[in-house]
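This briefing sets out selected computed features of one protein chain. Please consult the sequence and the structure shown here alongside the points that follow.

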Amino acid sequence: MRIEGNGEECASIKHLVFAYYVTGHGFGHATRVVEVVRNLIAAGHDVHVVTGAPDFVFTSEIQSPRLFLRKLVLDCGAVQADALTVDRLASLQKYSETAVQPRDSILATEIEWLNSIKADLVVSDVVPVACRAAAEAGIRSVCVTNFSWDFIYAEYVMAAGYHHRSIVWQIAEDYSHCEFLIRLPGYCPMPAFRDVIDVPLVVRRLHKSRKEVRKELGIGEDVKLVILNFGGQPAGWKLKEEYLPSGWLCLVCGASDTQELPPNFVKLPKDAYTPDLIAASDCMLGKIGYGTVSEALAYKLPFVFVRRDYFNEEPFLRNMLEFYQSGVEMIRRDLLTGHWKPYLERAISLKPCYEGGINGGEVAAHILQETAIGKNYASDKLSGARRLRDAIILGYQLQRVPGRDVSIPEWYTNAENELGLSTGSPTSQMSESNLITDLSTEDFEILHGDVQGLSDTMSFLNSLVELNNVSDSEKNNEKRQMRERKAAAGLFNWEEDIFVTRAPGRLDVMGGIADYSGSLVLQMPIKEACHVAVQRIHPTKHRLWKHALARQNAKGQGPMPVLQIVSYGSELSNRGPTFDMDLSDFMEGEQPISYEKAKKYFAQDPSQKWAAYVAGTILVLMKELGVRFEDSISMLVSSAVPEGKGVSSSASVEVASMSAIAAAHGLCISPRDLALLCQKVENHIVGAPCGVMDQMTSACGEANKLLAMVCQPAEIVGLVAIPSHIRFWGIDSGIRHSVGGADYGSVRIGAFMGRKMIKAIASTRLSQSLSNASGVSPDELDNDGLELLEAEASLDYLCNLSPHRYEALYAKLLPESMLGETFLEKYTDHGDTVTVIDKNRTYGVTAAARHPVYENFRVKAFKALLTSATSDEQLTALGELLYQCHYSYSACGLGSDGTERLVQLVQEMQHGKVSPGEDGTLYGAKITGGGSGGTVCVIGRNSLRSSHQILEVQQRYKSATGYLPFIFEGSSPGAGKFGYLRIRRRISPKP
């Protein structure tokens, strides 16, 4: 419906004109648009489709003069290097080229075009600028989709750098001009839309029966048929006859004209009508997208899928697929090497059970028609873009924790709640009292160690009891369970010993990113921790997963040591729940493989890259301590330390994993040495340039104490008891933090550049001083000054430079920034082994170098103040040091709007008068860890009033952003203090 200049709305129900914009990302959007458009045209309306898809996608289904195709791409979606690999940075750059740089001309052109066709309604799937153009043209607009690009690109911004986040903001702002969202099943959180109408699956109709299709293809009913539906195939992939079980045929979509196929593979024409072929097949093998999932569900076809990396739509579709018993995940390694048989056989044993509607195209078309003639579906609620900036858009990540108020599908919630997996651990929601009474000593005997009264450890042990019961029972076969749960139930041999370890995350109180510059740091181990259960077992007794057994049988070498890992909580993020490898893959001849080869090994499948944190500990023990692993290893990882919040989730996993491996193999490693070994995992195998404070705190920390450590490289100088009148909290901003992100790495490089320049300046000054001193008597020489210059000319750590020396000699000589190529030409290298300078990137130098020099001084002052006399002045001074640290982070470019808002809210609580004579009891706050989002550390008086003020900050942040922050409070022992548990199942006597 158009809004005319006189403010009147006009449209005729007999003949409406729709402008339908289709995203440039893949065929799936175009194929579902076909079904909506077909119903609109059947109702007698004109539809102008703006698309980059080939004509046949539309004309094969719709032959009508009312269909108008306009070839134009106004967004680019996700740029894929191949069928399975998304290039995040290239996606943002391409979107900028496609939709940001020419934005003004796009808007002008689209407004003119919309007016020229006299459009009554603009429909978008899900092109952002179309909504803005419609608003400018005075035309209502509606989006029809299961995801939006602000949600998808938010993950890319995390990796590519926050200088790209304006793209996400603009997308959200464009969507906010939309009247409402017609939301398709399998949807992601889409906070930019203020009103939502849910419809059934939008699925293309069938033209032919299964029998007719098979007859045309010359394939009998006795032949098992799999359709390979990738929309393009992985780079360098060659299909082989032995990939298929005997008696199977494979229909190949998207094969190139020159591609040669084995006799049991059939190449389909590019314009083949896939719904008919899908319905005629016994299962499908491909990647997850709306089109493949909806058609698999609608036609009850088992779907063997391989994950795409870095596409946030996928977990929601995947869980819907598995909820309806229609999905089998194949790991990428087995796809590419042809180990298909166990997956295909598993798929045809499934009983898909989707019974929901499949007429979403008809329902959506009716809603669009009603909207075009004037019906109002929208409310007066504020749109997402007007009630947020980056806290929701960048904060709506896939991992969820208590307190996160994300609107997610009912089927997704049900899938989680059935097993109590809302925070990753199967028993994380049980009450403390229940955990203690439910842990039955009749099930397991603790042969070594003590649970130390830790409720989360009791919870984890209870989960093992439940797994044991599941593995013993045949009653659960029909119950819908998450795959990680099923895999864990079959992971252990319950007649052998299991070793359990625990490692907490950490709250960065002071020190943060100055750790890699040698600063003193103060870190608190938090209550949330990672538990790992490990079993060492002879290969002949190892219970292998079917695909791992098939791989081993193919080698023909008999039972060999295999590593199998299950990670709880993986289904809430886009990563595989299981990982397995032959331990021989870590060997090259008689020696362990290099760290660089290991890094490439784990990076080849991004959905399983998480395993580098766990399995990488084994390789480090092999290389650094000469350990050889002759037995198989089973590992269960369950972490309650939330990812991406700057509280060292990765360090807790590494420390717990290596502790468990060491315990199971009788290795005695001190907590300090173990932390240093775990840092090697993160630096060299994962590839994240972190310092060592995270691992040190997780390994060496103690409850209710701050670990004081000088990071040169890792000298623990003591444990500082937190005074009883002081308390620390962590408040999550909702903005995902990543140590491997571009901003952290660039600031680290800038700091090392600054150190190199300071050394060069000091060396020049020293040479000049020595030259000027020739002929001067020793008594007249300033030996102290020369000694300082000598030390600074060979400066190992920036933090060994005092602030007054920095200001007096070096501050004015350092450039604010420098191009990587310019630096390398002048200085050759920056002296950091874990980062690489990009010649084409400009790095900030002054702020990055200044921060650790002053941070080291601030941390020393903070430590001294903690042990001073109790007073308001003490708390005020401690809080001021936190504020100074926070603003220094921001100067380095490591701030974020969310963390800035939290610090501002703490200041409001501190200085605001709740009532006459009552001041605030919060005294300071700072961003933590690697910055760029994550968690804010708050210091306050240990009192009930302070707790109330923290909750007030939480609620105010939610009111401002729509996101309810998670609050970290409390402390727990490090892995060294916990030690390990050795447990064994009690064998019940046979009656």
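Which residues in α22 meet which residues in α23? Tyr 613, Val 614, Thr 617, Ile 618, Val 620 and Leu 621 in α22 meet Ser 650, Val 653, Glu 654, Ser 657, Met 658 and Ile 661 in α23, where contact means heavy atoms within 4.5 Å. The residues of this contact divide into eight nonpolar, three polar and one charged, with Ala, Val, Leu, Ile, Met, Phe, Trp, Tyr, Cys and Pro counted as nonpolar, Asp, Glu, Lys and Arg as charged, and the others, Gly among them, as polar.

The model is predicted: local features need pLDDT of at least 70, side-chain atom pairs count only at pLDDT 80 or more, and totals for chains, interfaces and linings use all residues. Residues are numbered from 1 along each chain as its sequence is written, and side-chain values use heavy atoms, with hydrogens and water left out.

**Overall composition**

- The protein has 34 helices and 32 strands; helices (H or I, at least four residues) and strands (E, at least two) are DSSP runs, numbered from the N terminus.
- Of its 991 residues, 61% count as buried; buried means under 20% relative accessible area, exposed over 50%, and partly exposed in between (1.4 Å probe, protein chains only).
- Among contacts with a separation of 6 or more, 72% are between residues 24 or more positions apart.

**Helix packing**

- Helix α22 (residues 611-625) and helix α23 (residues 649-664) have axes that come within 8 Å and cross at roughly 50 degrees; axes are lines fitted to C-alpha atoms, for helices over the stretch in contact, and angles run from 0 to 180 degrees between N-to-C directions.
- That angle makes α22 oblique to α23, given that angles under 35 degrees count as roughly parallel, over 145 as roughly antiparallel, 65 to 115 as roughly perpendicular and the rest as oblique.
- α22 passes α23 in a right-handed crossing; a crossing is left-handed if the near helix is turned anticlockwise from the far one by less than a right angle, and right-handed if clockwise.
- α23 also packs with helix α25 (residues 693-700), at an angle of about 50 degrees and with the axes 9 Å apart; these two helices are therefore oblique to each other.
- The crossing of α23 and α25 is right-handed.
- Ala 651, Ser 652, Glu 654 and Val 655 in α23 meet Asp 694, Gln 695, Ser 698 and Ala 699 in α25, and the residues of this contact divide into three nonpolar, three polar and two charged.

**Helix α3**

- Asp 87 caps the N-terminal end of α3, with a side-chain oxygen 3.4 Å from the backbone nitrogen of Leu 89.
- Within α3 (residues 88-100), the buried residues include Leu 92, Tyr 95 and Thr 98.

**The loop between β18 and α20**

- Thr 540 lies in the loop between β18 (520-537) and α20 (546-555) and is exposed, at a relative accessible area of 55%.
- The side chains of Thr 540 and His 538 are joined by a polar contact of 2.7 Å; such a contact is a pair of N or O atoms within 3.5 Å, where within protein one must be able to donate a hydrogen and the other to accept it, and residues adjacent in sequence count only if both atoms are side-chain atoms.
- His 542 is placed in the loop between β18 and α20 and counts as buried, at 10% relative accessibility.
- Not counting residues up to four places away in sequence, His 542 touches Ile 537, Val 562, Gln 564, Ser 632, Ile 633 and Ser 634.

**Buried charged residues**

- Asp 309, in the loop between β14 (303-306) and α11 (314-323), is buried, with a relative accessible area of 3%.
- Asp 309 and Thr 85 are 224 residues apart in sequence, yet their C-alpha atoms are 5.9 Å apart.
- Arg 183, in strand β8 (residues 180-183), counts as buried at 14% relative accessibility, and its side chain makes a polar contact of 2.7 Å with the side chain of Asp 198.

**Backbone geometry**

- Most residues other than glycine have a negative phi, and most peptide bonds are trans.
- A cis peptide bond joins Asp 125 and Val 126, with omega about -15 degrees.
- Another cis peptide bond joins Gln 712 and Pro 713, with omega about 0 degrees.
- Lys 118 has a positive phi, near 55 degrees, and is exposed, with a relative accessible area of 57%.
- Lys 300 has a positive phi of about 50 degrees and counts as partly exposed, at 35% relative accessibility.
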